[in-house]
Number of protein chains: 2
Amino acid sequence: MPVNLAAPNPADLHPVPGVEIGIAMAGVRKANRRDLTVITLEPGAAVAGVFTQNRFCAAPVQLCQRHLEAGGEIRALLVNTGNANAGTGADGLVRARSTCAALAARLGVAPEQVLPFSTGVIMETLPNERIEAALPAALADRKAAAWDAAAEAIMTTDTVAKAASRRVTIGGVPVTVTGIAKGAGMIRPNMATMLGFVATDANVAPGALRALVREAADRSFNRITVDGDTSTNDSFVLIASRRAPHAEIAALDTPEGRALRQAVVAVAEQLAQAIVRDGEGATKFITVRVEGGRSEDECRRVAYAIAHSPLVKTAFFASDPNLGRILAAVGYAGIDDLDQGLIDLHLDDVHVATRGGRHPAYQEADGQRVMKQSEITVRVDLHRTEGAGRPQATVWTCDLSHDYVTINADYRS
Amino acid sequence: MPVNLAAPNPADLHPVPGVEIGIAMAGVRKANRRDLTVITLEPGAAVAGVFTQNRFCAAPVQLCQRHLEAGGEIRALLVNTGNANAGTGADGLVRARSTCAALAARLGVAPEQVLPFSTGVIMETLPNERIEAALPAALADRKAAAWDAAAEAIMTTDTVAKAASRRVTIGGVPVTVTGIAKGAGMIRPNMATMLGFVATDANVAPGALRALVREAADRSFNRITVDGDTSTNDSFVLIASRRAPHAEIAALDTPEGRALRQAVVAVAEQLAQAIVRDGEGATKFITVRVEGGRSEDECRRVAYAIAHSPLVKTAFFASDPNLGRILAAVGYAGIDDLDQGLIDLHLDDVHVATRGGRHPAYQEADGQRVMKQSEITVRVDLHRTEGAGRPQATVWTCDLSHDYVTINADYRS
């Protein structure tokens with residue numbers, strides 16, 4: 001059961017002018033499943049993306065990067081679920097390229113103008129013929145108001161579709177930002193087994209869009225972890241159809257740039273948090289905030305050590321305030337000159353530890369009360385820096401439950 | 001159920017001349033539990049140790065390091081289970097020191113001649129008065145042939161006591177190496193939540209003993225992982241009573257030094273593997289061997305990425321040859337210039353992947369056959385170096401099962 005996360009209401013997902021979505025059943029892994037999504041863009045759109053840091057990155061990720069670097073105008077995105085086309089060697093590239101070429105031919109564009117995305121099982125041969133055969137149906141299905149259907153079509157072990165939408169006024173005109181994401185396991189910084197697609201009709205210059213996709217990823221998808229496994233296929237793409245009739249946004253540090261940035265980051269953050277809320281087997285949504293490190297990177301490392309610890313995560317699952325496990329994770333986060341005698345630990349409003357030891361006023365009943373909640377904030381102060389503006393980092397994660405094991409032990413069956 | 005691991009036969013555990021062990025019930029956490037172990041050494045013994053890298057190291061770990069650095073002759077080790085005395089701040093140090101002083105007074109030695117060890121729950125106040133009250137009973141219980149009882153007395157979530165013993169001839173005289181260990185969770189390189197005590201009567205110089213304890217740890221306890229959590233309390237101590245009547249071993253690269261080294265490493269390796277075989281919830285014992293990196297460290301990093309991956313571990317639990325998850329872990333191990341097109345993957349004798357993709361001859365039935373075994377070897381060849389003598393590293397781990405979650409969700413109840 002996802003943690004405080006409901007399926008999106010289709011009426012809340014505003015269509016983005018210049019962007020259409022079509023879905024079909026290709027039978028990639030299972031029959032009768034809407035597993036193929038085509039997103040087409042009218043001419044003039046700008047597209048930017050960030051991709052997994054995994055060196056075993058999937059064939060479609062390699063092609064996406066090449067096609068974006070080629071600099072041609074992107075006219076379509078092609079997404080299949082059920083098969084990741086990762087760990088498939090040279091043959092995987094050939095098959096991914098074949099699907100791009102097939103869609104490009106039907107749209108009358110070049111194969112490099114198509115971006116391919118795959119998610120699902122690794123090291124299985126992509127059934128590209130079945131995908132290509134389903135393209136006419138997907139293209140015929142296209143409409144602007146299909147974001148809810150696309151959010152469902154890209155799911156793997158997700159239990160709830162994930163979508164978010166915002167409207168914002170830029171240069172006096174209404175602008176839309178709408179996005180979808182998937183991913184419930186193999187989730188860790190540097191992109192998760194996640195696909196994220198966010199589109200806006202804002203008129204933003206390609207350079208500013210590239211900066212924005214990085215910033216949005218850093219403030220959303222790169223702050224989450226479910227199981228610490230960095231996937232082979234993570235991709236986050238930001239599309240600007242540029243059809244809104246305001247002056248072009250050339251830089252993000254303008255009033256218009258900031259308005260767009262705020263909306264895009266909000267949508268990306270909502271999608272990223274939705275992935276954690278629907279983390280495999282999740283029963284709790286945990287915010288880990290670390291303050292007072294010497295740098296943001298140091299704070300982030302400590303936050304991830306806590307968020308990745310199986311012992312911390314099982315304690316959350318059990319609602320057991322076995323909070324020394326959090327201190328242990330702080331200790332092995334890799335800060336060589338850490339002084340444990342300075343550390344403070346809060347669980348929501350409860351002061352659990354001070355100067356590296358149990359707080360004199362801490363009562364187990366107080367820890368227990370917070371641990372039973374479905375949303376919990378862990379706050380660690382390293383006290384290596386003090387004062388306003390000192391470094392901090394926040395990471396979102398979930399607990400580790402029996403269902404995580406069940407889901408991942410049964411995934412392919 | 002531990003994987004192919006039985007409790008030791010007391011008759012196989014040879015006493016070590018000059019070393020006696022006494023056990024008592026102190027009621028540290030639970031009543032009627034033999035939770036306190038005292039090991040006393042006759043004058044003339046040498047002791048060396050390696051300790052957790054966790055910066056939140058427990059009070060007893062801090063004291064052990066200080067007492068060893070002080071250079072006095074160690075005359076006793078004091079071990080309690082049920083309470084880790086970690087995350088206890090300055091008060092924890094005071095209490096640990098008090099137990100050392102109490103035991104030292106009864107033995108007529110200085111507090112610095114006692115090494116304290118604790119394992120159990122973190123961030124709880126050590127009941128040092130109860131420990132001190134039980135010292136007379138522990139001292140009265142002392143005998144040489146109590147290694148099996150000590151192996152039981154130091155257990156926490158272990159399901160089977162862990163002990164190993166070897167006899168070896170050095171300089172024409174028989175020498176004994178006998179050791180015990182505990183630890184079933186919070187297990188990861190740089191020492192696990194493990195305590196390991198190995199004693200020998202070999203006459204080895206203190207400097208050589210210090211080198212030997214490091215080498216033995218690197219070839220045993222520092223090659224295992226259960227859940228990737230580095231504990232606050234890990235300690236591995238090597239005791240030489242020096243009573244065997246052979247010439248003193250001043251260096252390890254002599255015939256006598258090599259004979260001792262081989263026996264000590266064999267005992268440490270057997271104990272380390274026993275910890276993994278009894279890993280929390282373990283149903284399979286996995287050997288991960290990585291070859292052909294540019295350095296041993298690179299190979300080790302890849303091996304640990306595989307051994308820590310929750311997705312890989314749940315696939316082993318399910319006997320599901322979802323082996324692309326292993327490739328994904330190789331990809332995120334942190335080798336920036338990794339060429340996925342070179343990678344080979346074997347599962348025991350089955351060639352699963354070649355050149356980064358599925359091997360043409362690989363059949364799922366073959367992978368399935370190996371995955372059903374209780375002992376499995378994963379072999380990855382990075383092909384970044386070739387030829388004899390190229391770098392390699394081996395790590396031992398277990399699978400991730402429902403019982404891991406159950407054990408760690410229920411630990412304190």
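This is a predicted model: local features need pLDDT of at least 70, side-chain atom pairs count only at pLDDT 80 or more; totals for chains, interfaces and linings use all residues.
**Entry: confidence**

I began with the scores. Chain A averages a pLDDT of 90. I noted that 95% of the residues score at least 70. For the complex, the predictor gives an ipTM of 0.73 and a pTM of 0.79. Over residues 188-192 of chain A, pLDDT stays under 50. The model has 26 contacts beyond four places in sequence for that stretch.

**Entry: how the copies are related**

I laid chain A on chain B.

**Entry: the contact between chains A and B**

I looked up the residue totals next. Chain A gives 56 residues to the contact, and chain B gives 56 residues. Which elements of chain A give two or more residues to the side that touches chain B? I listed α2 (89-107), α9 (310-317), α10 (324-331), β14 (357-358) and α12 (402-410). The largest share of this side comes from α10(A), with six residues. By class, the side of chain A that touches chain B divides into 24 nonpolar, 22 polar and ten charged residues.

**Entry: domains of chain A**

Here I stayed inside one chain. Chain A is divided into domain 1 (10-277) and domain 2 (285-410). Their centres, taken over C-alpha atoms, are separated by 33 Å. I then looked up the contact between them. Domain 1 of chain A gives eleven residues and domain 2 of chain A gives eleven residues. On the domain 1 side, β9 (224-225) and α7 (255-277) of chain A each supply at least two residues. The largest share of that side, three residues, comes from α7(A). I sorted the domain 1 side by class and got four nonpolar, five polar and two charged residues.

**Entry: A:Asn32**

I picked out one loop residue. A:Asn32 lies in the loop between β1 (19-24) and β2 (36-41) of chain A. Is A:Asn32 buried or exposed? I found 7 C-beta neighbours inside 10 Å, so A:Asn32 counts as exposed.

**Entry: the seven-stranded sheet of chain B**

I moved to chain B and traced a sheet. Seven strands form an open sheet in the order β9-β16-β11-β15-β12-β13-β14, with mixed pairing. Which strands of chain B stand at the edges? They are β9 (224-225) and β14 (357-358), each with a single partner strand, so one side of each is left without a neighbour in the sheet.

I then followed strand β11 (residues 285-291) of chain B. Five of its seven residues are buried, so β11(B) is largely enclosed by the rest of the structure. Seven bridges join β11(B) to β15 (residues 375-381) of chain B, and these strands run parallel. Seven bridges also join β11(B) to β16 (residues 392-398) of chain B, where the run is antiparallel.

B:Ile286 has B:Ile376 as its bridge partner in β15(B). B:Val290 stands opposite B:Val380 in β15(B). B:Val290 also stands opposite B:Ala393 in β16(B).

**Entry: a hairpin in chain B**

One of the facing pairs is B:Val168 opposite B:Val175 in β7(B). How many residues lie between the strands of this hairpin? I found two residues between β6(B) and β7(B). In this hairpin, B:Gly171 takes a positive phi near 55 degrees.

How values were computed
Residues are numbered from 1 along each chain as its sequence is written. Chains are lettered from A and ligands numbered from 1 in the order in which they are written. Two residues are in contact if their C-beta atoms, placed from the backbone, lie within 7 Å. Helices (H or I, at least four residues) and strands (E, at least two) are DSSP runs, numbered from the N terminus. Ala, Val, Leu, Ile, Met, Phe, Trp, Tyr, Cys and Pro count as nonpolar, Asp, Glu, Lys and Arg as charged, and the others, Gly among them, as polar. Domain bounds come from an automatic or database domain assignment. pLDDT is the predictor's confidence in each residue, from 0 to 100. A residue is buried if 20 or more other C-beta atoms lie within 10 Å of its own, exposed if 12 or fewer, and partly exposed in between; C-beta atoms are placed from the backbone. Two strands pair if DSSP finds at least two bridges between them.
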